[in-house]
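Hi,

Here is the structure I promised to pass on. My notes on it follow below.

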Amino acid sequence: MLGRVLDKESRADEIVEATNGQIDALAQRLPGLKGKTALLSQYVFPTSQLVIVADPKDGASGLFTRLGMSLPPKLVEEAGVTGGRLMLSPERVDALSADVVVLLPNGGTVDDMMKLPGFADLPAVKSGGLAIVDYPTVAGLNTPSSLSVKYSLESITPQLEAVAG
């Protein structure tokens with residue numbers, strides 16, 4: 001869209017193609033990601049609320065899809081009536097049952113997350129698929145650009161590698 005506005009559509013297309021090429025190269029390098037599940041979430045400590053992005057049209061979901069992964073179908077269905085965002089109480093930490101969980105502990109730490117009942121038993125925690133990230137990584141996944149995708153992917157590549165086997 002920006003390429004169109006600036007009358008530089010061909011340059012914008014080149015940038016999109018190069019970015020997609022980087023994602024595709026990672027998918028080829030990690031074929032074990034195919035068929036795995038992934039999600040983006042944050043736990044807001046001041047309000048004790050778990051927020052899960054379960055919108056297949058979200059930027060993070062598009063990236064996961066391009067890597068051969070998908071959102072957990074039950075979450076997509078549950079979030080359908082809420083515009084793709086689930087806001088859950090800490091008792092629903094089991095909703096984070098995905099192979100890869102990219103999580104921002106908003107106002108807390110990974111140690112605080114581990115204190116939530118059931119968190120340490122999540123598949124991503126046990127398999128090395130839990131990526132505890134900062135706000136720029138979350139923003140880079142939600143609103144992807146060529147630079148933010150590169151930055152965010154670098155942040156979560158160790159977890160992707162762990163899950164891909």
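Please keep in mind that this is a predicted model.

I started with D55. D55 sits in the loop that runs between β2 (49-53) and α3. Leaving aside neighbours within four places in sequence, D55 is in contact with S61, L71, G83, G84 and R85. Take G83 from that list. D55 and G83 are 28 residues apart along the chain, yet their C-alpha atoms are separated by 7.2 Å.

β1 (residues 38-44) pairs with β4 (residues 100-106) in the parallel sense, over seven bridges. S41 has L103 as its bridge partner in β4.

Then the largest pocket. Its volume is about 590 Å³. The lining counts 23 residues, and A12, I15, V16, S145 and S146 lie nearest the centre. Which helix gives the most to this lining? That is α2, with nine residues. At least two residues each come from α1 (2-5), α2 (9-29), α3 (59-66) and α8 (146-164). By class, the lining has 10 nonpolar, seven polar and six charged residues.

That is everything for now.

Best wishes

Terms used. Residues are numbered from 1 along each chain as its sequence is written. This is a predicted model: local features need pLDDT of at least 70, side-chain atom pairs count only at pLDDT 80 or more; totals for chains, interfaces and linings use all residues. Side-chain values use heavy atoms; hydrogens and water are left out. On a 1 Å grid over the protein atoms alone, a cavity is a set of points where a 1.4 Å probe fits but cannot get out, and a pocket is an open set with protein on both sides within 12 Å along at least five of seven lines; lining residues have an atom within 4 Å of a point. Grid points are joined across faces, edges and corners, and a volume is the space filled by probe spheres set on the points. Helices (H or I, at least four residues) and strands (E, at least two) are DSSP runs, numbered from the N terminus. Ala, Val, Leu, Ile, Met, Phe, Trp, Tyr, Cys and Pro count as nonpolar, Asp, Glu, Lys and Arg as charged, and the others, Gly among them, as polar. Contact means heavy atoms within 4.5 Å. Two strands pair if DSSP finds at least two bridges between them.
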